[in-house]
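Hello,

Here is the structure I promised to pass on to you. Have a look at it first, then read my notes below.

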Amino acid sequence: MDATLRIGIIGLDTSHVTAFTKLLNDPSDANHVPGGRVIAAYPGGSTDFPLSMDRVGGFTQELRAQYGVSIMETPEAVAESVDALLLESADGRVHLEQFRAIALYGKPVFIDKPLALSSREAYEIAELVQQYDIPVMSASALRYSEGLVSALAEADGAITGADAFGPMHLEPTQPGYYWYGIHTAELLYRAMGAGCREVAVTANVDFDVITGVWQDGRIGTVRGSRRPGQSFGATLHTGGGPRLVDVSKDGRPFYASLLVEVMNMFMTGEPGIPLTETLEIIRFLEAANESRATGQRVML
């Protein structure tokens, strides 16, 4: 690939679209991420999802007018003209369809969270990744919080458990925990790693608690709140005692730290997260949705 990668965006209905483009295309930005430039995009948008349709027009115009991005009529047209792709559509329901359209071009792809809204669709994406042998990663930006990364480095792998917390807004078009639960699940998995065996959920109008038991006996939780003012963070449990990580105190925006990891994958072809872990996170959320609906413990 060229030293400066040509980058395309699929789906212009999330704030990550303008944030990533500014970080890449504007060298004067304090958090500029070198190595690529957004040159093409496909707007997309879901007509039954107000948070998608109410934003896609404004973000499309900003990319065209402010950054000179070519707006194209299909995902395929974008994939043909670039070296790497950011699949940014806010609606997780369209990720499989859009990924299927661009996978055969063999370009590395970042799929913004969540990868998919069911384990079935997530595994279909994984099959396409294997079929076309392309680097793919998917993540919440919170996974790369400076505070979390620092705390985990100091813990040096000695995590005996973790309790992640954050807002837990629900969105009718994005089943249960896939909308905001993905953020706290990513925090939990960054601390605990893969290997969850079962989940159980306790929930009421304001709060949800997802308890996961790992294969090695460790326990991790996700606590979500629908009350105003809830921030993201985690308590890490180690042999030396608990450590609270408040990710809201990061000096660098989460999305900038995420973009550094994405660009590293684009340049090296090596995703920083095993796809198997991302698949497990999708199943973790799916199982939590099942437990919330039935009141029963669910095996992953």
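Trp-179 is buried, at 17% relative accessible area, where buried means under 20%, exposed over 50% and partly exposed in between, using a 1.4 Å probe and protein chains only. A word on the source: this is a predicted model, in which local features need pLDDT of at least 70 and side-chain atom pairs count only at pLDDT 80 or more, while totals for chains, interfaces and linings use all residues. Residues are numbered from 1 along each chain as its sequence is written, and side-chain values use heavy atoms, leaving out hydrogens and water.

Trp-179 forms an edge-to-face aromatic pair with Tyr-180, 6.3 Å centre to centre and with 65 degrees between the planes. Rings of Phe, Tyr and Trp (its six-membered ring) pair if their centres lie within 6.5 Å; planes under 30 degrees apart count as stacked, over 60 as edge-to-face and the rest as tilted. Tyr-180 is partly exposed, at 24% relative accessibility.

Why does the pair of Tyr-180 and Phe-232 count as stacked? Their planes are at 5 degrees, with the ring centres 6.4 Å apart, so the pair is stacked. These two residues are 52 apart and link distant parts of the chain. Phe-232 is buried, with a relative accessible area of 15%. Together, Phe-49, Trp-179, Tyr-180 and Phe-232 form one aromatic cluster.

Elsewhere, the charged end of Arg-223 sits over the ring of Phe-207, 4.9 Å from its centre (the rule: NZ of Lys or CZ of Arg within 6 Å of the ring centre and within 35 degrees of the ring normal).

Enjoy exploring!

How values were computed. Helix = DSSP H or I, 4+ residues; strand = E, 2+ residues; numbered from the N terminus.
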